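Welcome! Try each one on the structure before you read its solution.

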Amino acid sequence: MKDPAKNIYICPMHPEVAQGRPGDCPKCGMRLEPRAFSLEKEERKKEEVILARKFWLGLVLTIPVFILALGEMLPASDLKVLSSSAISRWIQFILATPVVLWSGSTFFIKAWRSVLNKSPNMFTLIAMGVAAAYGFSATAMLFPGIFPASLREHGEIGLYFEAAAIITVLVLLGQLLETRARRRTGQAIKALLGLAAKEAHRIRDGKEEEVAIDDIQRGDLLRVRPGEKVPLDGMIIEGKSSVDESMISGEPIPVIKKIGDRVIGATVNQTGSFLMRVEKTGAETILAQIVEMVAAAQRSRAPIQNVADRVSAYFVPSVLVCAIVAFIIWSIFGPQPALAYALVSFISVLIIACPCALGLATPMSVMVGVGKGAQSGILIKNASALEKCEGLTCLITDKTGTLTAGSPQVTYVMPAKGWDERDLLNIAASVEQASEHPLARAVVEYVKAHGAKLLPVEDFESVTGAGIKGKVSGRVVLLGREGFIENSGINLPEGLKNKADELEEKAQTVAWAAVDGQIAGLLGISDPIKKTTPDAIRDLHKMGLKVIMVTGDNEKTAQAIARDLGITDVYAGCDPKAKQEIVKKLKSAGEKVM
């Protein structure tokens, strides 16, 4: 990733605003976002700590100011007396001063920048309202003689320290929540960055050395052992293994990789060991590109945001005019003390009309939405795509790992005549332990969980797409599909064959076992439906969405899963090109598809 010291910071609302250091946007006052993310301690954490300190101090000081200012409306008579005394007025002044001038200093700085850049924004209104309330009250405290009698009530000038303090604290709370939301959203990207391996085993001059990922160069040879993360993108030049690529493809079933196949950094090697040549490093890797895409999506602008920008350009000047008009009308036609009511009206218009939601709602929604998506494994291309989701009519979903758990499990065991279940499991798992196929792992894990014993296997051989064979305790064992067993000259008992058809109707994969030319039994292996899937499908149907399953699995399995979930539209046996054609067909029919 990029060096944080050389990072560029841009404004989510105004992408044209960019600078080489953290800060605020001179146009809207929003905090600038880093264009590239790193695992270094982020600047926003420091900002959040400062805002929290200002908020809590401001809140502690504002509460007594509020109680004293409104004491006459409280039932406690002691407060009534205290609230009208000179001591109370000085206490309010002393407590409100640090709230406005220290806790709220950031508002005045942002407002001044907006004036210098001729871009009035919500901070302009906030600063003017707070300054008017505090300035009037402070002047009344220090120089009461300069005010006319028309501003006095019962011989005293009304103070508005509580208004200035409360407004400051409430806006600070909003800023604190916004900063916290942005930091947590950034953690989604940091989680993606954290997937990358930190070290690798490099082979140089026939010797293996452990080096940091940053020291790896293109063309280096790396050794990847079982259970380790693939360090960077590259190609296998020696060995064979199965690799869990779920963080890239979403498919939880590992993919078999052999010499000449490409592997992706941050995916997890499963069973075998292999040697790879590095082809991509740093920002060139697929993981880095995914991180950049998520970051760019968070910064992107939704179409509706252009409307908000146009409104904001006229909104702030209009509010200022309305506030001035309100002041004039109340000062002329308002009851006595007219100027006091006029000032309150002026401040009220500025504060109430502050376009906080108008300026922050869209970019905050985009940032949080994209961040939550990334945490759930959903990569959102940009804000426009997020906005278009509102008009969806069709939702296309895969089966394996999306509707189902994506982790095959043995769900049925049926031994042939003359075999018991334990012996069948022992034989099957013993030969499967040498296989790298995901279904083989399901069998081995099932047997281990049930306490069966794994025996050594000899002369192991894997027939791609069909099955496996080997010798266990001197006996020849075959395990695989129905066609694999029949092609070996072994007859299948009618009863077991009928049971196999029944299991396949229920979306189970059947593995036949044969020993020394005779059927020993069969295993039913299935990918169970996730516990959360039925409720999710029902909720989608309630939203009026048509849910369509498009899968590469066979028709029987796909239909069985669809029946259980209430999905009526199913396309089975589809390769990526066929899936793309289905999307095009639905779009041409007027559907809005995701």
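## Exercise 1: Two helix pairs

The axes of helix 3 and helix 4 cross at roughly 45° and come within 4 Å in this predicted model. Your task: work out how to describe their orientation, and find which residues make the contact.

Solution, step by step:

- Start with the angle. Values under 35 degrees would count as roughly parallel, and 65 to 115 as roughly perpendicular. Helix 3 and helix 4 are therefore oblique to each other.
- Next, look for the contact. Helix 3 brings Val100, Leu101, Trp102 and Ser103, while helix 4 brings Ser105, Thr106 and Phe108.
- Finally, sort the residues of this contact between helix 3 and helix 4: four are nonpolar, three polar and none charged.

Now try the next pair: at what angle do helix 4 (residues 105–116) and helix 5 pack, and which residues touch?

- The angle is about 120°, and the axes of helix 4 and helix 5 are 8 Å apart.
- An angle over 145 would count as roughly antiparallel. Helix 4 and helix 5 are therefore oblique to each other, and their crossing is left-handed.
- On the helix 4 side, the contact uses Phe107, Phe108, Lys110, Ala111 and Ser114. Helix 5 answers with Phe123, Thr124, Ile126, Ala127, Val130 and Ala131.
- Sorted by type, the contact of helix 4 with helix 5 has eight nonpolar residues, two polar and one charged.

## Exercise 2: A charged side chain

Is Glu162 buried or exposed, and what does it touch?

Solution, step by step:

- First locate Glu162: it belongs to helix 6.
- The relative accessible area of Glu162 is 16%, and buried means under 20%, so Glu162 is buried.
- Beyond its neighbours within four places in sequence, Glu162 is in contact with Val65, Phe66, Ala69 and Gln92.
- To finish, compare positions: Glu162 and Tyr134 are 28 residues apart along the chain, and their C-alpha atoms are separated by 8.8 Å.

## Exercise 3: Helix 18 and the whole chain

Which residues of helix 18 (residues 555–565) are buried, and what covers them?

Solution, step by step:

- The buried residues are Thr557, Ala558, Ala560, Ile561, Ala562 and Leu565.
- Their cover includes helix 16 (494–505), helix 17 (533–542), strand 22 (546–550) and strand 23 (569–571).
- Just after helix 18 comes Gly566, with a positive phi of about 75°.
- Now step back. The protein chain has 19 helices and 23 strands, and 45% of its 594 residues count as buried.
- Among contacts between residues at least 6 apart in sequence, 64% join residues at least 24 apart.

Note on methods. Residues are numbered from 1 along each chain as its sequence is written. This is a predicted model: local features need pLDDT of at least 70, side-chain atom pairs count only at pLDDT 80 or more; totals for chains, interfaces and linings use all residues. Side-chain values use heavy atoms; hydrogens and water are left out. Axes are lines fitted to C-alpha atoms, for helices over the stretch in contact, and angles run from 0 to 180 degrees between N-to-C directions. A crossing is left-handed if the near helix is turned anticlockwise from the far one by less than a right angle, and right-handed if clockwise. Contact means heavy atoms within 4.5 Å. Ala, Val, Leu, Ile, Met, Phe, Trp, Tyr, Cys and Pro count as nonpolar, Asp, Glu, Lys and Arg as charged, and the others, Gly among them, as polar. Buried means under 20% relative accessible area, exposed over 50%, partly exposed in between (1.4 Å probe, protein chains only).
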